[in-house]
Amino acid sequence: MEGHFARKLISGVVLAAGLGMAAVAMPVEAATLRMAWSQDATGLDPHKQTAFSSIRLLELIYEPLVRLDGSLQIVPGIADSWQFSPDGKQLTFKLNAKAKFQNGAPVTSADVKASFQRILDQATGAVARANFLSIASIDTPDANTVVFNLSQPDVPILTAMTSLNAAVVPASEIAAGTIGTKAIGSGPFKLDSWVPNSKEVLSANKDWAGGAIGVDGINISVLPDETAILASLRTGQIDFALLNDPLVATLVPKEPKLQLTRTPVLSYNVLQLNPSRKPMDQLAVRQAISCAIDRKDVMDTAALGEGKVTGPLTMPLYATDPGQLFCYTRDVAKAKKLMADAGFANGFSATVIAATGEPPTATAEAQVIQSQLAEIGIKLDIKVMELNVYVDTWLKGNFDMAVALNGGSADPYSMYNRYWTKTGNLQKVANYIDDTLDSLMQKGRVETDPAKRKAIFAEFDKHIAEVSPWIWLYTAYGYTAEQKNVQGFVPTPTGSLFGLAKVSIK
């Protein structure tokens with residue numbers, strides 16, 4: 001990228017005057033942040049994107065009604081305020097009257113209504129659709145008021161609305177059918193250009209209702225090799241980087257000119273089984289796989305121990321001690337007996353898919369799992385795919401097993417209902433449901449007492465670990481590396497880069 005950062009003379013000057021000296025005009029500096037990451041977005045439609053690389057880009061451009069801050073508290077986004085009715089069946093938002101889309105149009109209640117109607121339309125293929133099925137109708141009494149009328153009390157719906165997948169888009173763009181072909185949001189940055197797998201150029205949205213933005217824009221380079229990103233940081237060619245590979249991230253503190261931000265995240269590394277395919281349709285086989293895997297060994301080998309073994313629920317408020325869950329202590333003898341009981345004493349062959357670069361540990365995880373499962377006779381073939389091919393294959397559920405990195409949420413229901421309820425729109429990915437899972441999810445959805453909700457989801461955690469449709473492995477860290485003159489970035493447990501709106505270059 002050109003120059004250390006862009007400098008320009010702004011109308012108006014800073015005057016430096018000294019005794020016996022004429023006033024001298026000094027330029028005011030404004031900076032363009034030079035940034036790099038290893039994985040590019042796979043698309044521009046905020047309602048359809050599942051890849052982390054897409055979400056990290058689009059959350060700088062689009063905004064939801066509300067957001068999660070660094071402490072997982074719900075804070076204003078497009079909406080200034082919100083309130084549930086006493087019976088929990090109505091949720092009213094007041095929009096920020098200053099909110100504008102990047103085409104200059106105000107954000108109105110009509111845009112909010114059109115956005116959620118689009119999400120709820122099954123033909124859209126919105127990935128978060130299942131989170132909003134309680135919405136019976138939407139009223140727009142005035143331009144700045146939106147009322148969601150719910151068919152039942154829905155405690156987690158507000159948390160679900162913090163997602164980029166629930167972003168508000170212009171009603172005019174929905175009508176024109178241009179969502180996904182261009183990016184027009186109300187967020188802090190505009191997308192000026194995108195060369196897939198090469199670079200993005202963003203400029204600050206001067207009309208952003210969230211306040212002053214600390215930089216003029218962001219120039220993002222896509223560098224698939226994270227060691228090359230670190231080299232560019234060392235030589236001062238870039239200012240800020242998103243890192244995913246713990247091997248590279250742990251080298252950053254050794255660089256005197258650089259600083260590392262390391263944040264525990266809610267996303268989880270997981271081995272997804274496909275229980276619709278033989279022999280994973282047998283409970284004993286799935287349990288045998290769970291018992292045969294040493295989760296800590298996977299984490300230590302693939303991620304240098306950068307993380308912690310996790311159960312299905314990764315949010316601090318609801319997480320269960322993994323030691324209390326089924327077969328979280330490796331037991332090869334038990335695994336072999338379960339295989340024999342299921343009629344597979346001699347094992348079987350299967351294929352596991354993994355994506356290149358998301359996460360960077362995926363192939364290493366697959367290799368460790370391959371070695372561990374070989375001890376109980378499972379011959380695992382590893383198929384590594386480019387990210388966009390992997391995402392398409394994953395969404396179709398077209399795999400025996402998949403090594404995946406899936407996003408977390410502050411609420412268990414909004415995190416998992418799309419997979420583990422009978423109406424979940426990612427059922428094709430999970431390929432498993434039972435009455436217990438569905439019932440516990442529904443109970444947790446309507447329960448308002450925090451202690452009772454925690455008990456419900458503890459039971460969910462225990463049950464899903466026991467029936468083992470997936471084998472949860474570990475949670476890791478989110479990493480950013482920056483020059484020491486880059487200041488003000490605030491990370492979150494969701495991995496969001498939205499904090500770049502307040503970054504400045506000193």
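In helix 9, the residues A335, L338 and M339 are buried. Looking down the axis of helix 9, you would find its buried residues within an arc of 100°, so they line one face of the helix. Keep in mind that this is a predicted model. Let's walk around helix 9 and then visit a serine elsewhere in the chain.

**The two sides of helix 9**
- Helix 9 spans residues 332-341, and the cover over its buried residues includes helix 7, strand 16 (348-355) and strand 17 (378-385).
- Just after helix 9 comes G343, which takes a positive phi of about 90°.

**How helix 7 meets helix 9**
- Helix 7 (residues 283-292) packs against helix 9 at an angle of about 165°, and their axes are 8 Å apart.
- That angle makes helix 7 roughly antiparallel to helix 9, because angles over 145 degrees count as roughly antiparallel.
- The crossing of helix 7 past helix 9 is left-handed.
- From helix 7, A284, Q287, A288, C291 and A292 take part in the contact, meeting V332, K334, A335, L338 and M339 of helix 9.
- Sorted by type, the residues of this contact between helix 7 and helix 9 are eight nonpolar, one polar and one charged.

- S109 belongs to helix 2, which covers residues 109-120.
- With a relative accessible area of 3%, S109 is buried, because buried means under 20%.
- Beyond its neighbours within four places in sequence, S109 is in contact with L95, T140, D142, A143, N144, T145 and V146.

Technical notes:
Residues numbered from 1 in each chain as written. Predicted model: local features only at pLDDT ≥ 70, side-chain atom pairs only at ≥ 80, totals over all residues. Heavy atoms only, no water. Helix = DSSP H or I, 4+ residues; strand = E, 2+ residues; numbered from the N terminus. Buried < 20%, exposed > 50% of the residue type's maximum accessible area, 1.4 Å probe, protein only. Contact = heavy atoms within 4.5 Å. Axes fitted to C-alpha atoms, helices over the stretch in contact; angles between N-to-C directions. Parallel < 35°, antiparallel > 145°, perpendicular 65-115°, else oblique. Left-handed = near helix turned anticlockwise from the far one by under 90°. Nonpolar A, V, L, I, M, F, W, Y, C, P; charged D, E, K, R; others polar. Arc of directions from axis to C-beta.
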